[in-house]
2 protein chains.
Amino acid sequence: MMVLVTYDVNTEDAAGRKRLRMVAKTCVNYGQRVQNSVFECLLDPTEFAKFKDMLENEIDPEKDSLRYYFLGKNWKNRVEHVGAKEAYDPEGTMIF
Amino acid sequence: MMVLVTYDVNTEDAAGRKRLRMVAKTCVNYGQRVQNSVFECLLDPTEFAKFKDMLENEIDPEKDSLRYYFLGKNWKNRVEHVGAKEAYDPEGTMIF
C-alpha cells in the first residue's frame with residue numbers, strides 16, 4: 001500500500017526540535033522523502049502498523065500532527081511534481 | 001476534484017521568503033490549510049488550472065517544489081489525521 005505521510009511538528013522548544021528529528025528519522029526509515037515533511041511510503045499492512053505506532057509515540061498530540069493519505073493502487077497516476085527535485089540531507093539543514 | 005497540494009520553498013534568502021508568502025497566500029485562497037505546507041483544495045477543473053498556473057509562476061523551479069496529489073472521489077476515506085488540529089495564522093509565525 002502507498003501511504004503519503006505529512007507532518008507538522010511544533011519546534012518552538014528544544015523538545016519539539018527533538019521530536020522533529022525523531023519523526024523525520026522514522027519517516028526516512030520507512031519511506032521516500034519527497035519534500036521536507038512529506039514522505040511516500042510503500043509498505044505492507046504490518047509495516048505500516050509498526051510505522052504508524054512509532055510515529056504516534058514520537059509526536060506530542062497536543063502540539064504536532066500527522067496526516068496519512070492512502071493513495072491506493074493507482075497512486076502513480078495521482079501524483080504530479082513540479083520544480084526542484086527532492087534532494088535532502090535528513091541530518092542537515094532543513095529546507096521547507 | 002480534490003487535490004492535495006504540498007510545497008517546499010527554499011527560504012534561505014529574502015526572495016525565497018517572499019515566494020513562500022506568495023505561495024502560501026495563493027493556497028489559502030484556493031484550499032483548506034491542513035498543515036503548514038499542506039492544503040486540501042476542492043476545485044473544479046477550471047479553478048484548478050488557474051490555481052496551478054499561479055503557483056507555478058510564483059515558485060522558483062530551480063529551488064522550490066510543488067506536488068499535487070489527485071485524491072479522487074473517495075478522498076474522505078483516504079485521509080486520516082492524528083494529533084493537533086490545524087490552527088494556523090497564515091500571516092503569523094510558521095509552525096512546521
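Predicted model: local features only at pLDDT ≥ 70, side-chain atom pairs only at ≥ 80, totals over all residues.

Me: How much area do chain A and chain B bury between them?
Reply: Contact means heavy atoms within 4.5 Å, and 39 residues from chain A and 40 residues from chain B take part in it. Buried area is the accessible area (1.4 Å probe) that two parts lose on being put together, summed over both. Of this area 50% is on carbon and sulfur atoms, and the total is about 3,500 Å².

Me: Which residue of chain B forms a salt bridge with A:Arg67?
Reply: A salt bridge is a side-chain nitrogen of Lys or Arg within 4 Å of a carboxyl oxygen of Asp or Glu. The rule finds four of them across the interface of chain A and chain B. For A:Arg67 the closest N and O atoms are 2.6 Å apart, and the partner is B:Glu40.

Me: Is A:Lys52 buried or exposed?
Reply: Buried means under 20% relative accessible area, exposed over 50%, and partly exposed in between (1.4 Å probe, protein chains only). The relative accessible area of A:Lys52 is 17%, so A:Lys52 is buried.

Me: Which residues are joined with A:Lys52 into one network?
Reply: A:Lys52 forms a salt bridge with A:Glu56 at 3.1 Å between the closest N and O atoms, and the two are four residues apart in helix α2 of chain A, about one helical turn. B:Glu80 also forms a salt bridge with A:Lys52, at 2.8 Å. Here helices (H or I, at least four residues) and strands (E, at least two) are DSSP runs, numbered from the N terminus. Salt bridges that share partners join A:Lys52 with A:Glu56 and B:Glu80.

Me: How many residues apart in sequence are the parts that B:Arg19 and B:Asp64 tie together?
Reply: The side chains of B:Arg19 and B:Asp64 meet in a salt bridge of 2.5 Å, N to O. B:Arg19 lies in helix α1 of chain B and B:Asp64 in the loop between α2 and β4 of chain B, so the parts tied together are 45 residues apart.

Notes:
Residues numbered from 1 in each chain as written. Chains lettered and ligands numbered in written order. Heavy atoms only, no water.
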